[in-house]
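Let's take a walk through this structure together.

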Amino acid sequence: MAEERATRRLVIALIVGGIMPVVDTTIVAIGLHRIGEDLGADVATLQWVSTVYLLALAVVIPVAGWVQARLGDRNAWILASGIFLAASVLCAMASGIGELIAFRALQGAGAGLLLPLMQTLPMQRTPRAAMARTMAVMSVPISLGPVIGPVLGGLVLSALDWRWLFLINLPLGAVGLVLAVLWLPGGRSGARTTLDVIGLLLLAPGLVGVLLALSNLAGGTGAGEVAVWVPAVIGLVLLVAFVPWTLGRRDPLVDLRLLGVRTLRASTVAMAFLGANLYAATFLLPLALQADQGVSVLEAALLLIPQGVGSLLARAGAGRLVARWGPRAVAISGFALVAVMTVPFALDDGTLALVVWAVVLFVRGLGLGVVLVPIMASGYLDVAPDRMPHASAFSRMAQQLGGAFGTATAALVLAAVTTASGTRAGFDAAFVVVIGICAAAMAASLALPGRQGVAR
């Protein structure tokens with residue numbers, strides 16, 4: 001009973017302190033226009049406010065396991081939270097676009113430590129049979145963040161200055177820090193471990209190169225442009241070089257040998273497709289509402305609330321569904337529901353009533369609410385507790401890369417078809433891409449364990 005209470009307190013502390021870094025992946029995007037007007041920045045420069053956050057987040061993710069081993073659970077979390085909150089204050093105080101971009105990079109670094117720790121810490125203390133239930137709780141901020149971000153950003157900007165997009169992190173962050181001090185265990189403090197510096201110098205810029213290329217592609221830069229193919233080639237070369245280096249290490253930065261574990265490998269692939277689906281749709285839905293329905297930015301943000309509500313409600317029963325039917329069946333069913341509920345957007349001719357949008361988004365949210373739990377829980381089933389930081393790194397990197405790829409693909413199709421056939425045809429084609437990603441995710445989910453795989 002005491003152990004269950006301690007785990008419950010740990011989960012609460014992590015959710016309270018960890019939800020804002022997830023929300024920050026999307027909340028700032030809705031305020032870029034106003035930031036540009038205030039700081040005198042053009043669109044090309046403004047996109048770095050969002051891009052640099054995601055790049056810094058991806059770079060730091062592989063280091064989270066080393067920081068945890070070096071400092072201990074509580075100290076690692078407090079350090080990461082402190083970096084994120086301090087950077088939030090600095091972003092709010094920025095007097096120029098250059099300062100804001102630099103502080104957003106620091107904020108992304110804090111988030112890159114927080115997000116893997118938010119997955120690793122509870123799973124290291126959860127029995128195999130309860131992993132799905134624990135992950136159902138921990139996945140709430142992870143899955144709701146991209147939906148809540150635009151909504152919260154729209155509400156903030158409707159009444160306050162853009163600087164409050166960063167300052168709203170402080171209340172929750174402060175409470176999260178207090179709870180961390182009180183409820184997080186020390187654990188592993190002072191563990192003897194060395195940082196794989198060469199591995200980091202290969203993996204970090206490799207991830208940056210690939211993500212930067214995908215980001216530029218999503219921003220409208222042609223695939224043949226230098227800004228796309230140069231970082232893509234450099235990034236891929238570094239990532240390929242990382243493989244033999246890390247396989248020869250006894251204590252690597254990210255243990256690629258763990259991909260030999262079938263459940264983790266299947267979870268990582270499925271997570272990449274989930275990230276592609278989630279971020280591509282998050283990119284398209286507000287734009288489609290404004291272009292086809294003529295609603296304002298705030299109204300578009302508010303219309304996304306039903307999807308978040310559906311996702312939250314589904315989360316309550318996701319753990320029980322996985323326990324009864326197994327990760328494979330639940331993930332496939334969830335992705336199928338998401339695909340079906342995306343079809344109306346692909347067929348919309350501009351006459352789809354807003355109330356229908358809301359209902360469809362709510363049901364779509366139910367599907368999103370169940371898919372994350374079986375995918376993430378599966379990744380930890382056959383991994384020893386001391387290797388779970390590596391599993392978390394795979395999960396977060398897969399979601400980041402998948403999200404960047406999905407957004408870039410949707411943006412590319414939207415731009416190409418819009419140029420050829422008009423705006424409405426462009427959105428129809430882009431939503432067909434999202435449906436295709438759902439189908440690929442269903443295929444990838446076939447490799448997840450069934451009910452027997454969880455029970456053994």
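**Starting at Thr25**

Leaving aside residues up to four places away in sequence, Thr25 touches Tyr53, Leu54, Leu57 and Tyr279, where contact means heavy atoms within 4.5 Å. Before going on, a word on the source: this is a predicted model, in which local features need pLDDT of at least 70 and side-chain atom pairs count only at pLDDT 80 or more, while totals for chains, interfaces and linings use all residues. Residues are numbered from 1 along each chain as its sequence is written, and side-chain values use heavy atoms, with hydrogens and water left out.

Back to Thr25: you'll find Thr25 in the loop between α1 (2–23) and α2 (32–39). Helices here are DSSP runs (H or I, at least four residues), numbered from the N terminus. Thr25 has a relative accessible area of 13% and is buried; buried means under 20% relative accessible area, with a 1.4 Å probe and protein chains only. The C-alpha atoms of Thr25 and Gln293 lie 26 Å apart, and the two residues are 268 residues apart along the chain.

Now for a pair of helices. Helix α10 (residues 197–218) packs with helix α18 (residues 388–421) at an angle of about 25 degrees, and their axes are 7 Å apart. Axes are lines fitted to C-alpha atoms, over the stretch in contact for helices, and angles run from 0 to 180 degrees between N-to-C directions. So α10 and α18 are roughly parallel to each other, the word for angles under 35 degrees. On the α10 side the contact includes Leu203, Leu207 and Val210, and on the α18 side it includes Met397, Gln400 and Leu401. By class, this contact of α10 with α18 has 14 nonpolar, 2 polar and no charged residues. Nonpolar covers Ala, Val, Leu, Ile, Met, Phe, Trp, Tyr, Cys and Pro; charged covers Asp, Glu, Lys and Arg; the others, Gly among them, are polar.

Next, look at helix α14 (residues 305–325) and helix α17 (residues 354–378), which pack at an angle of about 35 degrees with their axes 6 Å apart. Among the residues making the contact are Gly310, Ala314 and Arg315 of α14 and Arg364, Gly365 and Gly369 of α17. The contact of α14 with α17 divides into 15 nonpolar, 6 polar and 2 charged residues.

Last stop, the cysteines. How many disulfides does a search of the whole structure find? It finds 0, counting pairs of cysteine sulfur atoms within 2.5 Å. Cys91 is buried at a relative accessible area of 0%, and Cys438 counts as buried at 0% relative accessibility.

Notes. Helices (H or I, at least four residues) and strands (E, at least two) are DSSP runs, numbered from the N terminus. Angles under 35 degrees count as roughly parallel, over 145 as roughly antiparallel, 65 to 115 as roughly perpendicular and the rest as oblique. Buried means under 20% relative accessible area, exposed over 50%, partly exposed in between (1.4 Å probe, protein chains only).
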